[in-house]
Every structure is written in structure tokens, then in C-alpha cells.
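Please read the following report with the sequence and the model side by side, and look up each residue as it is mentioned.

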Amino acid sequence: MDIEHFYMEKGGGEALILLHGNGENCDYFQGQMDEFARYYHVYAIDTRGHGKTPRGHAPFTIRQFADDLLCFMDSHHIAKAHLLGFSDGGNIAMIFALKYPDRVDRLILNGANLDAKGVKRSVQIPIEIGYRMASLFAQKRESARLNAEMLGLMVNDPNVLPAELAGIRAKTLVIAGTRDMIKEKHTRLIARSIPDAQLVFIQGNHFIANKCPQEFNQAVLEFLRG
């Protein structure tokens, strides 16, 4: 392992790991830490190259981040955990649940997507343009290279086929905003493709955990404790 994750930790009991979205850090879950820590040992981690976690030298991909999560769990002696991932964090949690099913208890996918086609075009097109522009200057400017890497996660990853989701064994909640940047039909496809998954929509946009913490936390805790 070429990095050491920065993380926030609170509570006790079963492990619940929170995974933030693209370009963010563990502060995104400030509205969840205290509430979830009433029932669980909560870890909110900064993904590789995000927040206070260094970039390291390994590939900058969703699958690498899933392998990083395995190393984090091993180093903290977490045999099994509930995973809650938002956006790219949801994609990490999805890949992790497919690769390491024995390490996942319950799974919450918030605003996740299988590929770039699952994102509304009004959002995805500027991302793709920004990615191409940053890639053009990536060899000349370090800032452009880092920007291309970050945007590349939303252009090239995670590329999961719906049929692959049948391999998820964890009890799963798929949750999204009614005005999410992820297409509603795509979110429904994810839920339909995971065996016995629950599906919840909350009034709001992509950032329901941050903007609507009370409703979001209630839905998550009802799922985890039900």
C-alpha cells in the first residue's frame, strides 16, 4: 500500500464506512457522522488523491480505490463493514461489493452509476469537454494532469454491466434524489439488477445527504437497522 488514508472516526459497534464523491472529502458527511455514530462505529475516509489522503503512485481508478478500501479495512482490523457510498463513492462501494463480497454486510449506493451514460447529458457533456481540454495540457501542466485524472473518473469509470450486479450478495439500498444528476431510469436499473435491492427517492438533487440530512439519515438507518 503506497498511501495512508486520512479519515474521521466516531462511535462504536459494527463498522460503517462512508465514501465521498468525486473531488470531495470526508467532510461531506458532517450531517451523518453524529447521527450514525449513535448506532455504529463510523469511519469517513478520504479517497486516494482526495482531501488529506495522498495521491500515491497506483492507478487513479475506481477499482484501485476499491482495493485501497480493502487495505484500509485490513489495517484497521475490520473484518466486515456496512458501506455507504455517495456518487463516485457509491461506485467504489459497488465495485468493492462485487470483488470482496465477504467483507460487506449491508450496502448503500447513493447516486451511483454504472457508466457515463447513466449521467444526464446536461451534466456529463461539460465534464467530457473539461476532461478533453485537461488531457491536452496534462503533459505540460501538473494541475491539468491532476484535473484530467479527476474528471477521467467520471468519463471512463466504473463501466459495470447491469448483469454483473447479480453478483452483489449484500442486502442493498439504492437511494437518490428526485432531481438527481443520475438519470432516474438508470438508478432504477441499478436497483432492479441487484437481487432484492430496496429503492428510495428523496426530494432533492444529487446532494441529498448534505442538503436533506434528516430525511437521508432516516432512510439509511431504517434500512441498516430494519
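Leaving aside its neighbours within four places in sequence, which residues is V160 in contact with? The answer is R63, M94, I95, L98, L114 and L165. The model is a predicted one, and every value in this report was computed from it.

V160 is found in the loop that runs between α5 (142-156) and β6 (171-177). Its relative accessibility is 2%, and V160 therefore counts as buried, since that word is used for values under 20%.

Most peptide bonds are trans.

## Helices α2 and α3

Helix α2 covers residues 62-75 and helix α3 covers residues 88-99, and their axes come within 8 Å of each other while crossing at roughly 70°. The two helices are therefore roughly perpendicular to each other, and the crossing of α2 and α3 is right-handed.

On the side of α2, the contact is made by I62, R63, F65, A66, D67, L69, L70 and M73, while α3 contributes D88, N91, I92, I95, F96 and K99. Sorted by class, the residues of this contact between α2 and α3 comprise nine nonpolar, one polar and four charged. Two of the residues named here, R63 and I95, are also in contact with V160.

## Helices α1 and α8

Helix α1 (residues 30-37) packs against helix α8 (residues 213-225) at an angle of about 40°, and their axes are 10 Å apart. That angle makes α1 oblique to α8, and the crossing of α1 and α8 is right-handed.

The residues that make this contact are G31, Q32, E35 and F36 from α1, together with P213, F216, N217, V220 and L221 from α8. By class, the contact of α1 with α8 contains five nonpolar, three polar and one charged residues.

## Helices α4 and α5

The axes of helix α4 (residues 121-136) and α5 come within 8 Å and cross at roughly 145°, and the crossing of α4 and α5 is left-handed.

Helix α4 takes part in this contact through Q124, I127, E128, G130, Y131, A134 and S135, and α5 through A144, N147, A148, L151, G152, M154, V155 and N156. The residues of the contact of α4 with α5 divide by class into eight nonpolar, six polar and one charged.

H41 has its place in strand β3, which covers residues 41-45. With a relative accessible area of 18%, H41 is buried, because the cut-off for that word is a value under 20%. Beyond four places in sequence, H41 is in contact with E9, K10, G11, G12, G13, E14, A15 and L16.

Among these residues, G11 lies in the loop between β1 (7-10) and β2 (15-19). G11 counts as partly exposed, at 43% relative accessibility. Not counting residues up to four places away in sequence, G11 touches A37, Y40 and H41. G11 and Y43 are 32 residues apart in sequence, and their C-alpha atoms are 8.9 Å apart in space.

## T53, a buried loop residue

T53 lies in the loop between β3 and α2, and with a relative accessible area of 4% T53 is buried. A polar atom of the T53 side chain lies 2.7 Å from the backbone oxygen of D46. D46 is also one of the contacts of T53, which, leaving aside neighbours within four places in sequence, include I3, E4, H5, F6, T47 and R48 as well.

Most residues other than glycine have a negative phi. H77, however, is not a glycine and has a positive phi of about 55°, and D196, which is not a glycine either, has a positive phi of about 60°.

Where do H77 and D196 lie? H77 is found in the loop between α2 and β4 (81-86), whereas D196 lies in the loop between α6 (184-193) and β7 (198-202). H77 is exposed, with a relative accessible area of 75%, and D196 is exposed too, with 76%.

Definitions and conventions: Residues numbered from 1 in each chain as written. Predicted model: local features only at pLDDT ≥ 70, side-chain atom pairs only at ≥ 80, totals over all residues. Heavy atoms only, no water. Helix = DSSP H or I, 4+ residues; strand = E, 2+ residues; numbered from the N terminus. Buried < 20%, exposed > 50% of the residue type's maximum accessible area, 1.4 Å probe, protein only. Contact = heavy atoms within 4.5 Å. Axes fitted to C-alpha atoms, helices over the stretch in contact; angles between N-to-C directions. Parallel < 35°, antiparallel > 145°, perpendicular 65-115°, else oblique. Left-handed = near helix turned anticlockwise from the far one by under 90°. Nonpolar A, V, L, I, M, F, W, Y, C, P; charged D, E, K, R; others polar. Polar contact = N/O pair within 3.5 Å; in protein donor to acceptor, adjacent residues only side chain to side chain.
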